[in-house]
Structure formats: C-alpha cells, structure tokens
Amino acid sequence: MPLRHFNRSLGALALAALAALAAAPARAQGVATTARPAASSPPGLEAPRVIRAVRVDQPVRLDGRFDEAAWAGVDVATDFVQQQPQPGQPSTERTEVRVLYDDDAVYVAARMWDPSPDSMEAPLARRDQAVTHSEWFNLVLDSYHDRRTAFRFGVNPAGLRRDVYHYDDGAASDAGWDAVWDVATATDSAGWTAEFRIPLSQLRFVPPAAGAEQTWGVQFFRYIARRDEWSYWAPYLPTQAGFVSRFGELREIRGLRAPRRLELLPYTSARLDRQPPRDGDPFYSANEPGGSVGLDVKVGVTSGLTLTGTVNPDFGQVELDPAVVNLTAFETQFSERRPFFVEGADAFRFGQLQNFNGYGNPQFFYSRRVGRAPQRRFFASGDAPFVDEPEQSTILAAAKLSGRTAGGWTVGFMDAVTQREEARFVDVEGEHHSTPVEPMTNYFIGRVRRDLNGGATTVGGMLSGVNRDLSDDELEPMLRGSAYVGGVDFEHSWARRLWTVSGYVAASRVGGSAAAIARTQGSSARYFQRPDADYLELDGERTSLGGTSAALAVQRSGDWDMSLQLRNVTPGFEMNDIGFIPRTDVRSLATFIGRRVTEPLGPLRQYSTALYTTQAWNTGGDPIYAELGLGLQGTLHSLWSGGLNLGVSPETRDDRLTRGGPLAAAPASWSVNAFVNSDPRPRLSFSGSLFAAGDRAGGSTREGGVSFGYRPDPSVQLSIGPSVSVVRDPDQFLFAEGDAAAETFGVRWVFGRLHQTTFSMNTRLDWTFTPTLSLQLFAQPFVAAGDFRDFREFTTPGESEYAVYGRDRGTVCALSAGGGRSYAIHPTQTVACPATGAEAEAQGLLVAEDPDFNVRSLRGNAVLRWEYRPGSALFFVWQQERSGFEALGDFDARRDVGRLFREPARNVFLVKATYWIG
C-alpha cells in the first residue's frame, strides 16, 4: 500500500474509533461521577477513608504557612499508618493534611510534625531524581476514580519536586511524566510544611453533570528518613495487593468544568560538533555548526483526551546509550530516554502479564524503533574508502492522542513519520555518490482498554502498523514493506485483589519482496533454514509471513506470592518493526512460590524467600531452557540488606548456537548471584554484587560490581560504580562455510574458545544549586578484550562435540602478511602453512579474519539545566565520545584504560532553550 494511502486509512480508523468511544453511554461502569457512600467500594475491598474538599473563592497564596482563613475549619486527614518498619502500627510522628479547590486548581496543605527538625534529611537534587535518603511527602490523586491510575506529586523540605504517573493499579509507573505545578515548603521548630497548587489542567478527570458532586481517589504518604519509616493515610500494607485501589476518597467536589488545555513548548537550539581528524576524508570538517527549531504541543481534545504532537523534535540533552560488546545472535535492547516517548508510554502498553516469574519479555511497542539507526549500514570499504552516513533517522513529526473517555475507555493512538535517509560516499576514483540507507517510514499504534467492575477487570485491544516507502531498489530486497500486529488482552482480579488472572492473544503479518521475507524467515528470531527442524521450511517465494503469540498468567499477591505463566509464540510471529521480541518459536511454563515476612525476626527487620521453575521448548518439542531457582532476601534492623539466588539447569538443547545450523546440546549448568547494600543513611554508602555461573563443558562467567555513593553536602551527590566481567565460552560462533564434504548437512560450523574480559565504571556527579538549577556529569569508561583460541568445528548435530583444528583434525595457520592478522584453515588435512591469504585461497583453504578484539570507549556528558520559569528550561550540554579498536585479544587494564584517554575525542556542544506557554 502506498504510504500516502496508508496514512489516510489510519486517520480514518482513528477517527472512527474515537467517535465510537466518545459515544459510549455515560451509564457504563468505570468512572465515578457522583459521590457515593463508603459501602459502595468495589467488591471485596474494605470501606475507604474519606476526606472532604472545600471550595474557595480566591486562589491560595503558596508560602507554606497556612495562614489564610480558608484553611481553618476544613477536614483534616491524620492518623497515618505505618507500612514499614512496623506494618499496621500508627506513624511515630503526626501528619495533618487539608484540601481546598477552586475552578482552576486543587490546593493541599500538609503539616509534618517532627520533634527533631535538625535531624531531618533534605538534600537537593534535580527534579524527578530518585533520592531515597530524604524526608518526603507525597500527594496522589486518582482523579478518574478508576482505581487503576493516579497522579503523584512529591516534595521534600528543601523543595525538591517529583511527579509520577501510576497505572495498572500501581503495578507500574511513569517517572517521565512531567506536569506544571507548584509547591512551597517551610521548616520550623515543629517540623516542616508543604503547600501544593495542582492546576486542573495537569490532571485528567471526567466533569460531572451540572451541580452534581464528584468523588476522586486520594492518598497521602510520608517518609521519615532517619527511621526508614513509610506511613500512609489510607492504610497500605506491604503484603496487600494493589495500590490505587486502596486509596481513600476525596469527596464533595462540585462545579468543576473541563479546563481549557492548550500547552505549547517551542524550542530553539544551537549545536557545534567538533570531530577528530580523519586524514584524506573529503567529508571531514573540524567544526560542524548547526541549529534547529521545533515545537511540542498539547491540546485538550475533551476533558479526558489529550493530543500531544511534536515537530522536528530535538533530543540533544538526552544521555547517551552505554557502550556494549554484543557477540550473540540477538539485538541489544536499550531503554527509552526521549521525553516525547517516555511520557504517557503506559497508554500503549499491551499484554502486560501479572506474574512473578516468566520466560521472555516481549515488548509490543518499543519506541526506540522510531528514529532508529539506518538499517542498511554502508561501511567504508575498498570500493568506497570514505563514507558519511546519518547516526539515526530524522523524525519529521509525531502525534499521540491519549486519555480516557466519559464511557470508561482508556485510549492511546500514536503516529510518527521518519524521513528517507541517505549515505554519501566517495569511490576509489574520487567521485561522490549517495545511496539510500533508510526509507521514509510511517509508524502507527492504537490501544484501547475498558475498565469494568470498579477497575478490577479490564479488557482491551491493540493494533500497530509500519509502512515503508520502498521505491529505492537498494532497500526493497532488505526491508519489509508493511508490518501489522493486532491483539486483545485482559486482566481480572478478585478476593480483595489477592488473585489476578491476565492474558493476551496477538497475531502478526508482515509483507514485502520475496528477498525481504526470506531474510525475515532466516533471521535469528526464527531460523527457518535449520536443516534438522522438520517442522520449519524457508520458502524463498513467499511475500508475506504471519504468526500468533498468546500467554496466560495466574498470580496470588500477599504474604504468600504465587504465579503460573503459560506462553506460546509460533515461528512466524514477527513484531520487531515496532516492538521487540528476541526470538519466536517457543512454548514456556514458569512457576513461582514465595513468602514475604514483614514482621521482625531476630536481627532481621524483614525477609522473603522464593522457589521458582522455568521451562521452555521450541515448537518441535526440543527442550531449549530449564531452571530451578531459589531466592533469599533480607533486611537487618541496621538497614543493611542482602540476598542470594541459586539456580541449576539440566542439559537441554540449543537451537540458536549454530546461527541457523543444526541443533546442539546445551550442557547442564549452575549459577549463584549475591548482593549486599549498606545502610543508605550515612554520607558514604555502597552496594555490591557478585555473579558466578558455570557448565559442564567448561564455560564460566564471573561478574562483580560495586557502587559507592557519597554525599559531601546536601546539594552534591557522587556515585562511582566499577564492574568487571570475565567470561570463558568454549563455543563462541565464528562463521559457517559451505562444503559438500562436510558431514553436518554440507556446511562447516566453526567456533572458537573465547576468553573475554570487560571493565566499565559508571561515574555520576549531581550538583544542585537550587531546586530549579542543577549540573549533572556522567562518564562511562569501557574497555573489553576478547581472545579467541582453539578454532574448532561442530561435528555432531544434537550434541556438544567439536574437533579442534590442528589438534583433532586439519590445519590452522596464522597469516600476518598484508598488514592485518588472519588465519588459514584446512578442515580435514595437514598441510604446509601458506605465507599469504592469496596463497591460502589458491590452495583451497578457508581464510578468516582474526576475531580477537580490544574495544575501548568513553562516553560522557555534562548538562546544566535551569528551569527559569515553570515548564520552561535552558540547557547547556557538552558530550564527549572517544573510541578505539585493536586486534590484540589480551586484557591489560592499565594499558587499555591509558590508551582510552589518548584516543581522539569527538565533542558536541549544545545550547537549547524551551519556553512553556499554557
């Protein structure tokens, strides 16, 4: 389907769906629009606590003093109950909360009594930074009153703010959600106070009928740092399931009108990219200046639906991805940091199972696909010695519509367009050329969900589509022209949300040229070409591929935790155009049983134990994974904590080891993981972990890491986290070579014994001058060395048997002529070693490049952020990257780290300003 026709069809689909949802009858369950007595709580839940809101005629002045007459004579929420360290007991210190509102905002006043105000911890940090050792007061509003979603606003005595969006009844949260709100704090001899103003435009709710009363869910909770004490107004114990469903009620809200919501966030940025020298490169420029302008917009389509759009977005202030060395057949998954995609991501989550243990973690919407690096990599070669290609695809525009309708439907629609990208190159004759590396692409995802039974039951559906303009002959054989995924999911809880059953069914269809679909069939997610898999067949004539994925889970949450998960993915299922699934062709069964004890036992403040099993098979019935695990965790009264996890696995089969070749045996293995965390209250704290694993074939992994945190001042936080990993892999795949004489299906599968050592150290410094002005420094030096030995050939399908070249059979020779090291291999005979690669090829030997490597990388950035007015910020950013590569193989920390800092550096300087209008 042409891209323009696809866009029109999506628009029609979205409008039709929205019209149907908006027309849903108001009498449908899901959103409370009038005040109800406590007895009307959802089935199985106890009657909630209640506080009344009082309307005021004039805005409240925020100063943290509560000296306005409006605060007198209103309901007071008090009698907080501990969640820890003594669950169910009264809070050790009194807390009082009052609520007012007017036509524009909700006001909340909180008094946190404390007889020792000098002992209160109140560090400064950048907004939304996860600071654990600090006093906190949190206000949480379930303004939809759906008992599943809520908006949290938190503050510490120094005015550090944090806002979080909770969904799935608190099972998940979105810390990337940012609202424009205000708060004032004050400290006195009686403790500290906080006075909030939350604009109604930043909340989402369904306005009641004229003159009707409205009820919201509400929760208040407080943290006292020196006691590590959490206390809640609406009691919430650690062994209870749910979160939002256990809120109290904020009643007698009358006369609210849907706020007129229009927010504009234009930006402008200037950039200077200083590149290290590249001899002879015609594309090189020591200084590459640039600039851009763009716009983010939010429009309240209805009281509950918000349209968010971005034009030419800029993410230059976002932290760089960490460096990795990936020798597996599978793609590395990175976390999303771009604000447009982070905020509101919950609206597009599909197929989220409620369970404590499972096999695989498919992600139906992986937003990193939008604006991804070009998929046709055009590296420099002998024919094209100089290449200039983009690092990622440019997002021309994106828009999403999300929120809730009056009929109780939660919806999310997103559409994004990325532009066609080209790489420039110069051939050996000096002629300039360009070639396409990524087509113009449209990404769409739609998600709807219906809440029933007071939020205890949800049903929903999802549809996603990716369409590419493959008019370029170079791209048409590589990429799929279209990719669609659709499905339905559900969740149901009962017995006071103690038990939950959840599941989903999804189907996919991808289409394109025969070459592109053949690549899809042969990718690492499925390997249809496996010669000993009689249930699979790679069809080179196909122009489409389809499959299904389904899962079911049952979970019990409480003092005893239990879960059972079943999952099945057919070989043809494909969603990696817009989602993330490492492999298909799998059936799995996972179980879990655990015990949580929150009452002190001897030196233990609390502890938990768990026993779990995981088993997986491919569709042909081969067991591909099995594990029995035991976990122990505990916290001492001193707040030191630690844990131990043990796992054992019997021998199974590996259908991915040979990268599309025959099945191999995976030897029995074991693993041990231990961790310890010190008391977080002192200025200096640390956490450490150790991991060890081994198998009967001689493979082993040893990993260790420690992270030190230091707070020399309430406004400064320093963390340093060195880690080391040592891997011994006896069967690291190298390459496959066709040979009719080979007994393994006419192909020789060549492996090596890998010794890999990796060192990295994440270093972060946060210096907060005021709650609106902060400096963040981050650096990650990273070095890895891989030494390959004992080149070997896989000899027996279904087993774990190899023949080492030069010892068990054949010949292997090191070739050093020609400026680079390589190897010549004769797989069956003992022959004289040739001098050059050309001589080796003339003799019919296999020639392979030396796989040894030493990778060095340093990635860091510095971000000075000033929120000069609410919602508006100024960024000064410096990014630096250094990298190097050598084919040495041996690891020498002093040498490799020293050379890392001598590598030429790329420096990027960015100034960006945003201005919030709303």
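**View 1. Strand S5 (residues 105–113) and strand S11 (residues 191–199) run antiparallel and are joined by nine bridges.** Everything shown here comes from a predicted model. Within this pair, look for alanine 110, which stands opposite alanine 194 in S11. Both strands belong to an open sheet of five strands, ordered S2-S4-S5-S11-S10, with mixed pairing. Strand S2 (54–55) and strand S10 (182–188) are the edge strands, each with a single partner, so one side of each has no neighbour in the sheet.

**View 2. Three strands make an open antiparallel sheet in the order S18-S21-S22.** The edges belong to strand S18 (386–388) and strand S22 (432–438); each has a single partner strand, so one side of each is left without a neighbour in the sheet. From one strand to the next, the twist averages 25°. Zoom in on strand S21 (residues 421–426) and you will find six bridges joining it to S22 in antiparallel fashion.

View 3. A search of the whole structure turns up nine cavities of 30 Å³ or more. Here, 26 residues line the second largest cavity, and Phe151, Trp177, Arg204, Gly344 and Ser402 lie nearest its centre. Strand S17 (305–311), strand S19 (395–404) and strand S20 (409–418) are the elements that each give two or more residues to this lining. S19 gives the most, with four residues.

Technical notes. Residues are numbered from 1 along each chain as its sequence is written. This is a predicted model: local features need pLDDT of at least 70, side-chain atom pairs count only at pLDDT 80 or more; totals for chains, interfaces and linings use all residues. Side-chain values use heavy atoms; hydrogens and water are left out. Two strands pair if DSSP finds at least two bridges between them. Axes are lines fitted to C-alpha atoms, for helices over the stretch in contact, and angles run from 0 to 180 degrees between N-to-C directions. On a 1 Å grid over the protein atoms alone, a cavity is a set of points where a 1.4 Å probe fits but cannot get out, and a pocket is an open set with protein on both sides within 12 Å along at least five of seven lines; lining residues have an atom within 4 Å of a point. Grid points are joined across faces, edges and corners, and a volume is the space filled by probe spheres set on the points.
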